[in-house]
Amino acid sequence: MLDLIKKDFIVCWIFLLGIAILIPFITTIAIVAMIEDFGGLIIGIFTFITIALCIASSFIFIGVDTASNADMIYASLPVKRSAIVYARYFSSMLQVIVSFTLIILTCLSSVYVFNKSDPAFELLLSLRGITSMITFLLLILSFILPFVFKFAFGKGITAALITQICFVISVPVFKFLMKALNGIWEFDFAFFTKLLNDILKWIISLPRVLGIYAYLLIFIIVSMMIFISIILSVRFYNRRDL
Amino acid sequence: MENVIEIQNLRKNYDDFTLKDVSFSLPEGYVMGLIGPNGAGKTTIIKLIMNLIMKNGGGIKIFGKNHTEHEVEIKSRIGFVYDTPNYYEHLNLKQIKNIIAPFYSNWDEPVFVSLVDKFDLPLKKIIRKFSRGMVMKAAIAIALSHHADLIIMDEPTSGLDPVFRRELLDLLYELLQNEKKSILFSTHITSDLERIADYITLILDGKIIFSRSKDEIFENYAIVKGGNELLNEETKKYLKGIRTGEFGFESLTDNLSEVKKKFGPDIVIDRASLEDIMYYSNLRNNHA
């Protein structure tokens, strides 16, 4: 597996170098533009940029392999397909973390350069902010990768995006349906909504209640999600025709 | 004599193509040519052997072992050459070698260096700047540098000019002369195989037509020419892909001795090349 991870970095070093220049550059432009136009960082936009940069950069390995049709090479080497999946997860996750570190370092240097503390910077650069972002990034990656192993790169990314959009759309659709059906059915949708809200509030309050254990809980949950994602990917890739 | 490859009733279904109950075997130390027109199923068979695609039925044994259960062990003994080797075009041959070599415990660097010298390949030139022949030679150098017992080559000579093809076959022949290696070589350029193959397997429309030794094929197959009056229900049984014209018929037989008995001295018999065999067999397939 180590050889597979090593080859990812041998094959992509030139692209990784480009990414290492591009990420701080784009991040700086985004920070400067937001500070100049809005007087501070817009956390939503900045989070979106961070996710886009980190996830896109983590797909450099799969992208380069797909462009070179390298799946065939590795599948014909004396190596199990599962090892190819494990290596791909490791390389991609490492790349997500490296990209995020670059963004954090750019944020830190921006704080120093602009000599201006921003509440958004404080949140992003806090342990809670960093942990949440890394967790979120790894979860997104774990969500997308099984699609990529099932349908190959292009179709996999498209399928993952469509699924994500469906998830996002499902929230307002669900709300609309609840409103529309309330009164038609005898079922008490208001109670149902309140129950869901209570559960969400409870989840959000967990770090305050559990303190440091909340991080442990998050770690366990994320690890489980990644584990499930890897199991699915191995299953899909083992059955895929190359 | 042990079989290096044993395939039994292999099946693979696609929406528009089916590989139907393919069975053949390759004994150790021999060269088998897998021939057939484009789209006949040669690459599908090779991909199934390499476990690059999943079979729908049947069994594959390589070196006497199930090809999926012992995949890593088996693949460490196989040298595989693709029809279009997929190497990273922005890397040079040395970098490609550095990526692939660690996967083989018996990688032999001096052998690789000598092959690179022999093939006159530049180690530091990026693959994008290689000609197709050079890419193929690079693929062969890599495939032969870990003392593989079985070499599988999928259309290694297609797209190469005749001079280059001849050179490549000579190099291959020379390399394999003194070694107990087995080769499965798929091609639609049958003349390549007449020189180096011991066994020939013909596949048409996903179905094996025959899998026999080359000598046996040339003993039994022949082109038969004669007058149209010789054709009747009885004699047609011995002929494949009959082409009739104003001056007579021309066809293939796979039973030369019987044809000689049935037709007597009234026919002309010519040696059938592998290309003839492929052509007439396909004709029968299409027009029977």
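This is a predicted model: local features need pLDDT of at least 70, side-chain atom pairs count only at pLDDT 80 or more; totals for chains, interfaces and linings use all residues.

In what order do the elements of chain A run from the N terminus on?

Analyst: From the N terminus on, the elements of chain A run α-α-α-α-α-α-α-α-α-α, in keeping with a secondary structure that comes to ten helices and zero strands. Of the 242 residues in chain A, 40% are buried, and among the contacts between residues at least 6 apart in sequence, 78% join residues at least 24 apart. The accessible surface of this chain comes to about 13,800 Å², with 76% of it belonging to carbon and sulfur atoms.

Turning to the charged pairs, side chains of opposite charge can pair when their charged atoms come close. Over all chains, the structure holds 21 salt bridges. One of them lies within chain A, where the side chains of Lys7(A) and Asp65(A) meet at 2.8 Å, N to O. Because Lys7(A) belongs to helix H1 (residues 2-38) of chain A and Asp65(A) to helix H3 (residues 60-67) of chain A, this pair ties together parts that are 58 residues apart in sequence. Both partners fall under the 20% limit for a buried residue: Lys7(A) has a relative accessible area of 3%, and Asp65(A) has a relative accessibility of 4%.

Back in chain A, salt bridges that share partners join Lys7(A), Asp8(A), Asp65(A) and Arg88(A) into one network, so the buried Lys7(A) and the buried Asp65(A) both take part in it.

The two chains also meet each other. In this interface, 25 residues of chain B are in contact with 28 residues of chain A, and the chains bury about 2,300 Å² between them, 64% of it on carbon and sulfur atoms. One salt bridge is found across the interface: Asp241(A) pairs with Lys12(B), the closest N and O atoms being 2.6 Å apart.

For the surroundings of the chain B pairs, the strands deserve a description of their own. Chain B contains an open sheet of six strands in the order S6-S7-S8-S3-S9-S10, with mixed pairing. Its edge strands are S6 (78-81) and S10 (207-213) of chain B, each of which pairs on one side only. Neighbouring strands of this sheet are turned by 15 degrees against each other on average, direction ignored. Helix H5 (residues 132-143) of chain B packs on the sheet, where it touches S6 and strand S7 (150-154) of chain B, and its direction makes about 175 degrees with that of S6(B).

Within that sheet, strand S3 (residues 31-35) of chain B and strand S9 (residues 199-204) of chain B pair in the parallel sense over four bridges, and the bridge partner of Leu34(B) in S9(B) is Thr201(B). On the other hand, S9(B) and S10(B) pair in the antiparallel sense over six bridges, with Ser213(B) in S10(B) as the bridge partner of Tyr199(B). The hairpin of S9(B) and S10(B) has two residues between the strands, and in it Asp205(B) takes a positive phi near 50 degrees.

Finally, Gly58(B) lies in strand S4 (residues 57-62) of chain B and, at 39% relative accessibility, counts as partly exposed. Leaving aside residues up to four places away in sequence, Gly58(B) touches Gln8(B), Asn9(B) and Leu10(B). The C-alpha atoms of Gly58(B) and Lys20(B), which are 38 residues apart along the chain, are separated by 9.9 Å.

Definitions and conventions. Residues are numbered from 1 along each chain as its sequence is written. Chains are lettered from A and ligands numbered from 1 in the order in which they are written. Side-chain values use heavy atoms; hydrogens and water are left out. Two strands pair if DSSP finds at least two bridges between them. Axes are lines fitted to C-alpha atoms, for helices over the stretch in contact, and angles run from 0 to 180 degrees between N-to-C directions. Contact means heavy atoms within 4.5 Å. Buried means under 20% relative accessible area, exposed over 50%, partly exposed in between (1.4 Å probe, protein chains only). A salt bridge is a side-chain nitrogen of Lys or Arg within 4 Å of a carboxyl oxygen of Asp or Glu. Accessible areas come from the Shrake-Rupley method with a 1.4 Å probe; for residues, only the protein chains shown count as cover. Buried area is the accessible area (1.4 Å probe) that two parts lose on being put together, summed over both.
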